[in-house]
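Please open the structure in your viewer and keep the selection panel at hand.

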Amino acid sequence: MDLRMFVDGAWRGARSGAVTTATSPATGEVIGTVPDGDRTDAREAIAAAREAAAGWARLSAFDRAALLHRVADVIEAKRDSLARTLTLDQGKPLKAEAYDEVGELILYWRMAAEDAKRLGGLLPPSSGRGTRALLVRRPRGVVGVITPWNWPYTMPAELIAPALAVGNTVVWTPAPSTSISAIALAGCVAEADLPPGVLNLVTGPGPLVGNEIAGNPGVDAVAFIGSTATGRLVAQAAASKATLLEMGGNGPLVVLDDADLDRAVAGALTACFLCAGQSCTAGERLLVHESVHDDFADRLTAAVRDRIRLGDPFDDATTMGPLNNPEVAAKMAAHVADAVARGATVRTGGAPAGGFPTGLYWPATVLTGVPADALAASEETFGPIAPIVMIRSLREAIELTNASRYGLLAAIYTEDLQRGLAFADAVRTGWVNINESTNYWESHLPFGGRAGSDSGLGRVGGPHAMETFTELQTVIIGAPAGRDPQ
């Protein structure tokens with residue numbers, strides 16, 4: 001399958017003619033060739049977006065909303081093919097996860113369409129006699145969007161849809177390892193027939209395409225979702241521009257001595273093994289009170305063996321598919337080895353599974369006796385791992401949570417609401433779940449990292465990204481000359 005980028009309303013290859021071969025993590029087979037764009041391609045896309053910006057901004061919020069709903073209509077009609085493409089390209093199970101992501105993708109486009117209709121300005125009082133002050137929200141202009149491979153439909157949509165809805169044009173570059181999914185999504189926008197240049201997709205390596213998009217003076221705002229290391233580079237390139245950065249997490253899932261253990265185990269399964277653990281909100285460490293530690297570990301190990309099914313992601317019985325790329329698999333192996341070297345015990349899993357088409361199939365892994373400073377507990381593993389760290393008190397859970405340089409999300413299980421709220425008050429994370437998994441979110445609520453952490457800046461979710469994608473313009477209306485305002 002020979003695929004193309006989408007620039008200025010047309011499908012085209014890289015100007016250099018370079019392509020990259022895309023291989024499925026699920027089957028190991030070549031599934032297409034993708035244009036290997038560079039700075040030239042990015043500059044042409046930025047020029048197209050800037051040319052289209054004024055006309056798109058002049059449309060009413062209701063006209064833009066109708067076009068965004070048209071995109072959602074196309075996605076709904078292509079639900080089956082989009083889900084299958086996602087499974088083949090990313091690796092997540094078709095029935096257990098891919099269809100859900102397509103469903104959330106539709107939600108993001110429809111939600112942005114409706115939220116933009118309600119985005120208002122302000123009418124503050126003026127100090128001038130008889131004058132009026134208006135604060136009007138204006139689109140930034142051209143928004144550069146750089147997105148990761150773990151949720152290749154919904155994470156672009158939570159940035160692109162609100163950016164478009166409030167009148168910006170977009171230049172988007174996706175993670176190379178899921179470019180085929182990105183092209184499929186861009187195809188839905190193309191079929192919806194938005195004006196040329198409103199959405200532009202450039203595939204290619206981040207150090208070239210992403211860096212050009214972030215730093216080019218023709219881009220007015222930059223939105224990024226991905227790793228902390230890459231996010232820092234994007235922020236440097238985008239200096240002085242409006243930025244929205246959603247970066248890494250090391251969110252703990254805390255289990256206190258009074259927790260409902262069955263509920264906590266169910267939450268841990270979702271926290272650690274949804275998307276094979278490849279989520280910024282994954283339960284990267286389980287902080288479990290010493291009085292329930294052994295019971296919880298036994299229950300979690302049994303639940304993993306009974307309920308997590310690693311296998312062919314196209315099989316309806318599969319609940320967890322392969323990892324997306326070799327780099328993640330290597331990191332998983334390194335973190336398990338480090339934990340074991342520091343005295344941890346592998347309760348289940350612990351090594352790549354054999355008998356599959358690729359070496360990216362890792363079983364759900366549970367570790368006990370993990371030191372708090374082990375890599376598996378202090379860094380973002382981004383794999384199907386449940387490292388259990390024993391704690392002795394709520395205070396210790398708070399201290400370990402705040403000792404991390406990340407500040408994205410934390411979860412706690414306790415039957416005492418006051419203890420749960422005390423945890424929420426004390427931890428420096430942008431989101432706290434009480435008696436819900438770390439991988440519980442609602443798409444309309446603000447999501448992002450706390451200030452000063454390595455988890456990013458700004459908020460996605462519902463209308464909240466629109467605050468970054470617009471700016472306030474102050475308009476003063478003077479009193480009519482020669483008239484008494486009274």
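The model shown is predicted. A search of the whole structure finds 5 cavities of 30 Å³ or more.

Begin with the largest cavity, which holds about 230 Å³ of space. Select Tyr 108, Met 155, Glu 158, Trp 441 and Phe 447, which lie nearest its centre among the 18 lining residues. Next, colour helix 4 and helix 5 (154-165), each of which supplies at least two residues of this lining; helix 5 provides the largest share, 3 residues. By class, the lining comprises 9 nonpolar, 5 polar and 4 charged residues.

Proceed to the second largest cavity, with a volume of about 60 Å³. Its lining includes Tyr 108, Glu 158, Gly 461 and Met 466. Helix 5 gives the most to this lining, with 4 residues.

Now turn to the largest pocket, whose volume is about 990 Å³. Of its 42 lining residues, select Trp 149, Phe 224, Gly 226, Ser 227 and Thr 230, which lie nearest the centre. Helix 7 (206-215), strand 9 (221-225), helix 8 (228-237) and helix 11 (326-341) each give two or more residues to the lining, and helix 8 gives the most, with 6.

Finally, select Ile 75 and Trp 109, the residues with the most contacts inside the largest nonpolar core, which has 70 residues. Helix 4 (residues 94-117) gives the most to this core, with 11 residues. Around Trp 109, display its contacts, including Leu 68, Ile 75, Ile 160 and Val 189. Apart from this core lies another, of 59 residues, among them Met 320, Val 328, Leu 367 and Ala 397.

Conventions:
Residues are numbered from 1 along each chain as its sequence is written. This is a predicted model: local features need pLDDT of at least 70, side-chain atom pairs count only at pLDDT 80 or more; totals for chains, interfaces and linings use all residues. Side-chain values use heavy atoms; hydrogens and water are left out. On a 1 Å grid over the protein atoms alone, a cavity is a set of points where a 1.4 Å probe fits but cannot get out, and a pocket is an open set with protein on both sides within 12 Å along at least five of seven lines; lining residues have an atom within 4 Å of a point. Grid points are joined across faces, edges and corners, and a volume is the space filled by probe spheres set on the points. A nonpolar core is a set of buried Ala, Val, Leu, Ile, Met, Phe, Trp, Tyr and Cys residues joined through side-chain atoms within 4.5 Å. Buried means under 20% relative accessible area, exposed over 50%, partly exposed in between (1.4 Å probe, protein chains only). Contact means heavy atoms within 4.5 Å. Ala, Val, Leu, Ile, Met, Phe, Trp, Tyr, Cys and Pro count as nonpolar, Asp, Glu, Lys and Arg as charged, and the others, Gly among them, as polar. Lists of a residue's contacts leave out its neighbours within four places in sequence.
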